[in-house]
Amino acid sequence: MAELLSETVEVRTSRRVEVIDITRPVEEFASRVGGSGILVVKVPHTTAAVTVNEAEPGLMEDIAEALLKLAPIDYPWRHNRIDNNAHAHIAASIMGDSRVVPVVNGRLVLGTWQRILLVELDGPRRRRVSLYYMKAGD
Amino acid sequence: MAELLSETVEVRTSRRVEVIDITRPVEEFASRVGGSGILVVKVPHTTAAVTVNEAEPGLMEDIAEALLKLAPIDYPWRHNRIDNNAHAHIAASIMGDSRVVPVVNGRLVLGTWQRILLVELDGPRRRRVSLYYMKAGD
Amino acid sequence: MAELLSETVEVRTSRRVEVIDITRPVEEFASRVGGSGILVVKVPHTTAAVTVNEAEPGLMEDIAEALLKLAPIDYPWRHNRIDNNAHAHIAASIMGDSRVVPVVNGRLVLGTWQRILLVELDGPRRRRVSLYYMKAGD
C-alpha cells in the first residue's frame, strides 16, 4: 500500500536574496521514514523557489545574481504598485516552487554534487519547506 | 493500493501571451476524487507552460513580460524559419510543462497566495490541461 | 501495491552546449515495465538539465542559445574562480534537473510534439539519465 507522508521544515533566511542548502533536513526526513518512493520538496510561498544544484558558496551567489538579471528589482513591474517584490514572484514562477527527488531505501537519490537549495527572493523571512513523500508499498 | 486517475480540463485563451488562473478546476478534480497523493498538472503543448504563483492581475502580466524578455518574439531564432513561435517554445521549455501539487484529503496543498497558472505563449488557442493524480491507498 | 522501479540511460554528448532528444529509451523503459503511474526523468548532474519540448533541430539550438543569454559563458561569475562552468550550473538550476511524465498502460503521456530533451551545458561528456517510475498497483 502506498502512503503519503509529510513534514514541514522551518528555515530562517537572513538576506533579501539568498540561496540556502536545505539537503540535511530532507535527508533526515527520508531516513527516518525509510522505504522507497518519490519526494516532493516544495515551498508554500510565492517569493521563494526550490532547486537542485551544487552548494558551492560562490555559485549560490551566482544563481541569485542570474535570477535578478532575469527579473530585476528596479524595473517598473506592474505588481510593484501593490507590493515591492515583483522580481521575487517572477523569478520563483520561472524556477519553480518544487523539485521532485526519488528516495530509495530511505536515501535521497541525488548525484555527487547535487544538493537541494532553497532560493530566497524576498527575505529575510522565516520560510517553510514542505516535504510530501509518496512511499511505495512494502 | 495506489491508483493513477486522470482528467483533462479545456481552457480557451484570448491573447498571444497570457497567464490564466486554472486552480478552480484542479481543486474540483481533487475534491471529487478525494484521498491523498501527488497530482501532476501538465500541458500536452510545447508553446504553453504551467507554474504556481500568485494570481494578481498585474503580476500575471509581469510574468508574461519577463518571459518575452528572456525569449523575445522578434529575434532571429532558427525555429522561426519553420514556424513563427520560437519564443513560445523556448520560454515553455525553461519554465516547464508541468508542476506537481500534493493532495491531502481531497484538497490541494498550496500556500496562501499560491495558485496554479497556465502560461499561454502562442495564443489565442484552445488549450488542454492534463491532470494525473497518483492516489495513495486507503 | 505501488512500486518504485528504476533504470539508468547513458547518453554521450558531443558539444559544449547541446540539446538531445532522449525520448526513445524512456519510452522503451515505460513499455517494458508497463502499467500506469508517474515517471521522474532526472539527471544526477549539476551542469545538465532535462526539459520537455519539440525536438526540431533549429529549436534545439535556439533553446541552447537562450540559456546562454540567460547565463553567459563569458561573465565574471564567482564560481568560475573554481571551475569554468558557472553558466552551466546556473542554467541547469533554473531549467531544472528533472521532469515528471505520467505513464498510462506502459505509454508515456506526451503531447503530439512533446519530446523529452537532455540539455547538455558543459560537454562533451558521458551523461546519465535516471528514470524513477512510481507504478500504481495492479
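This is a predicted model: local features need pLDDT of at least 70, side-chain atom pairs count only at pLDDT 80 or more; totals for chains, interfaces and linings use all residues.
Author: Residues are numbered from 1 along each chain as its sequence is written, with chains lettered from A and ligands numbered from 1 in the order in which they are written.

Reader: What makes β2(C) and β7(C) a pair?

Author: Strands pair if DSSP finds at least two bridges between them, and 4 bridges join these antiparallel strands, so they qualify. One bridge partner couple is C:D21 and C:L117. Strands here are DSSP E runs of at least two residues, helices H or I runs of at least four, both numbered from the N terminus.

Reader: Why are β2 and β4 of chain C called edge strands?

Author: Each pairs on one side only; the order in this open sheet is β2-β7-β4.

Reader: How do you know that helix α2(C) packs on the sheet?

Author: Residues are in contact if their C-beta atoms, placed from the backbone, lie within 7 Å, and α2(C) touches β2, β4 and β7 of chain C. Its direction makes about 140° with that of β2(C), using axes fitted to C-alpha atoms (for helices, over the stretch in contact) and angles from 0 to 180 degrees between N-to-C directions.

Reader: How many residues does each chain bring to the contact between B and C?

Author: Chain B brings 29 and chain C 31. On the chain B side, α3(B) gives the largest share, 6 residues.

Definitions and conventions: Two residues are in contact if their C-beta atoms, placed from the backbone, lie within 7 Å.
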